[in-house]
Amino acid sequence: MDNTALQEFFVPEDVLQILLSASNSSTLIDSLETLIQVCRAADGRADLASKSILPSVVQLIQSLPYPSGRHLLTLSLKLLRNLCAGEVSNQKSFLEQSGVAIISNVLNSANISLEPDSGVIRMGLQVLANVSLAGERHQHAIWQQLFPKEFLAVARVQSRETCDPLCMVIFACCDGSPELFEKLCGDGAITIMKEIVRTTAAVGFGEDWVKLLLSRICLEGPYFSSLFSNLGFATSENVEDTEFREDLFSSEQAFFLRIISDILNERLREITVPRDFALCVFGIFKKSVGALNCVTRGQSGLPTGTSMIDVLGYSLAILRDVCAQKTLRGFQEDLGDAVDVLLSHGLIELILCLLRDLEPPAIIRKAIKQGEGQDGTNSGSSKPCPYKGFRRDIVAVIGNCTYQRKPVQDEIRQRDGILLLLQQCGLDEDNPFLKEWGIWCVRNLLEGNEDNKRVVTELELQGSVDAPEIAGLGLRVEVNPETGRPKLVNVS
């Protein structure tokens, strides 16, 4: 494209001459491409800042029509993005030139058709992302211009290209401001986050900005329940209602739990889970267990592609990790009372019931030929694991809860759960690492609890537990020569 062809775009002559001179080029396209390369280095950005190039680039963007000037617009946005990458004087000049409003107009122009231009939108968002890193004044200007209408419009563009930088811009604007997070998740505006999750569920994400955003909102903030409800069907707003229906959960809710589970697992040593969050997840889990009445044995691990089963599995995984914080961080930190609240709401009773209702592990199923199994388990009426790893995850929750919690150890004994947990210490092809979690669970169950050790000893002597199961825990039964009473001892 020669420079005479630019007349139809009404590019100001002074803007054209400044860019051509700065790049020592003869055409605008060559000029933009040259300056883009120059701006890749900090020294190049500083040099162009000293020549006040940015105002000319902003004017150029303002003069280019969309879509006829798309190619030049894309190059101009890329140059503007590079100019604003960590160069304070350019970031300041961007605000002085009303750059936020101009980029907002570009975003609107590229998003009005049935097929939004994700490339142009992404470039515009990257400009704003670089500017937002300049500080509170810049973040405020972006927020005031784009919240909520423009943010929502971009969030509805189902493209990974646009969702990643959008999340970066929103996070940068809200970071350090609980008031802005409250506005983002308030009535009406929470639709922005709902659309971001829906887009991410549909197309995935390439960067971690969405995880940082959801972590701040749902794990460090109080908005998990609200966002989960908004992602559901119109008829399933109350997560505490335990009535079961096959259409209870949406695929977006299942994906949302999956990403929250991933975030919590990655940041377990950093985040102290609020009690309201833990109770909400427990409510979701209780709602989803009805699926066990109508499923067949799972053929894969999570995700299974079935919303109900995935909600069941990921809510269980979250509970497992909530209960693991004490294990990882010990007593020296104030971890709140999330686990204590779960225990007071019947977590152990429910988990033991679910485990007892499952068909036995593979190693025990092979030993049970017919009729009723051990501990009153009837192989004909028992339920299969809905996904590979379900039994393991149940045992993991119990194991984490029993770690240095004597009331939980005692409750399991009082509910006749010791033999049941000993039966989880074997290999199971449908539950990878079940043996390791089972051993961890029983060790925690016996640690410092003589009553529980006595029960295990009696079970072994009665033949209810095979010696290898106990040996696998690093224990053996010995008879005290003075009292004649059996006891468990560590294998030296």
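Guide: Let's start with a term: a residue is buried when its relative accessible area is under 20%, exposed when over 50%, and partly exposed in between (1.4 Å probe, protein chains only). By that cut-off, 54% of the 492 residues in the chain are buried. This is a predicted model, where local features need pLDDT of at least 70, side-chain atom pairs count only at pLDDT 80 or more, and totals for chains, interfaces and linings use all residues. Residues are numbered from 1 along each chain as its sequence is written, and side-chain values use heavy atoms, with hydrogens and water left out.

Visitor: Why is Ser31 called buried?

Guide: Ser31 has 0% relative accessibility, and the cut-off is under 20%, so Ser31 counts as buried. Ser31 sits in helix H2, residues 28–38 (helices are DSSP runs of H or I, at least four residues, numbered from the N terminus).

Visitor: What makes the Ser31 and Ser23 side chains a polar contact?

Guide: They come to 2.8 Å. A polar contact is a pair of N or O atoms within 3.5 Å; within protein, one must be able to donate a hydrogen and the other to accept it, and residues adjacent in sequence count only if both atoms are side-chain atoms.

Technical notes. Helix = DSSP H or I, 4+ residues; strand = E, 2+ residues; numbered from the N terminus.
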